[in-house]
Amino acid sequence: MGGGAARRVLEAWKLGVVKYGDALRLQERLVADRRAGRVPDLVLSLQHPPTYTLGKRRTDHNLLVPESSLAGIGAELYRTERGGDVTFHGPRQAVLYPILSLRDIGLGARRYVEGLESAMIEVASLYGVKARPGGACETGVWVGDRKIGTIGVRISSGFTCHGLAFNIDPDLGYFKHIVPCGIADKEVTSLRREAAVELPPDEVIHDQLVQSLAATFRFGDVKVKDDSECANMISSAATGQH
């Protein structure tokens with residue numbers, strides 16, 4: 001990484017709860033804006049309502065319930081162009097979607113994914129939880145043989161979208177309806193389940209993930225924007241306006 005990277009500022013957009021489809025359209029718009037130089041490197045920090053997503057491999061067989069029954073459990077399904085297999089997003093799960101120029105920060109795809117892993121591992125360690133990167137045929141971040149964080153990214157011409165999901169204290173029952181990330185016979189866990197200490201409010205953990213991500217990718221500072229500052233962009237993305 002070049003010496004100038006340390007002086008770079010990462011914008012963090014704190015968006016609260018955002019519908020998955022709205023977040024998907026917002027990412028698409030922001031990637032186009034980042035490519036054109038209209039926005040700087042940034043990360044979206046948010047949560048989703050209950051949502052299952054499939055990656056570009058379209059492994060529908062790892063969704064264990066009929067798609068028609070998802071509304072009955074309060075969930076939606078989206079098919080995306082990210083890497084990875086089926087996963088779940090929901091309340092009390094921290095989701096970060098970095099919109100970055102990998103060329104500007106001097107990273108290849110592998111190092112980028114390792115940085116996402118590192119951010120989750122570092123935050124877990126703050127609460128006495130020893131997490132690790134996935135081994136052979138494993139993706140994401142694990143505590144023993146239990147998965148605590150998922151990674152699914154899309155990189156197009158050196159620009160990133162999608163990202164990571166870190167389980168703070170989601171309803172783990174939703175994971176029973178899928179083969180998480182296509183890996184059978186593995187449990188899903190959460191920071192709440194693994195930590196022996198009391199956790200702070202979720203917003204604090206979101207912020208710790210953002211700060212860890214920024215430090216990992218050698219940003220010198222983080223500039224925070226809340227949902228009120230980003231409302232127009234979110235609204236126009238949701239309605240497909242430009």
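A polar contact is a pair of N or O atoms within 3.5 Å; within protein, one must be able to donate a hydrogen and the other to accept it, and residues adjacent in sequence count only if both atoms are side-chain atoms. By that criterion the side chains of Q93 and H89 are joined by a polar contact of 2.8 Å. The model is predicted, and local features need pLDDT of at least 70, side-chain atom pairs count only at pLDDT 80 or more, while totals for chains, interfaces and linings use all residues. Residues are numbered from 1 along each chain as its sequence is written, and side-chain values use heavy atoms, with hydrogens and water left out.

The protein chain is summarised below, where buried means under 20% relative accessible area with a 1.4 Å probe, protein chains only.

| Property of the protein chain | Value |
|---|---|
| Buried share of the 242 residues | 52% |

Q93 is found in strand β6 (residues 93-99), strands being DSSP runs of E with at least two residues and helices runs of H or I with at least four. Q93 is buried, with a relative accessible area of 1%. Contact means heavy atoms within 4.5 Å, and beyond its neighbours within four places in sequence Q93 is in contact with residues including L46, F88, N167 and H206. Q93 and L46 lie 47 residues apart in sequence, with 8.6 Å between their C-alpha atoms.

H206 is also among the buried residues of α5, which include D202, I205 and L209. Just after α5, R218 takes a positive phi of about 65 degrees.

Methods: Buried means under 20% relative accessible area, exposed over 50%, partly exposed in between (1.4 Å probe, protein chains only).
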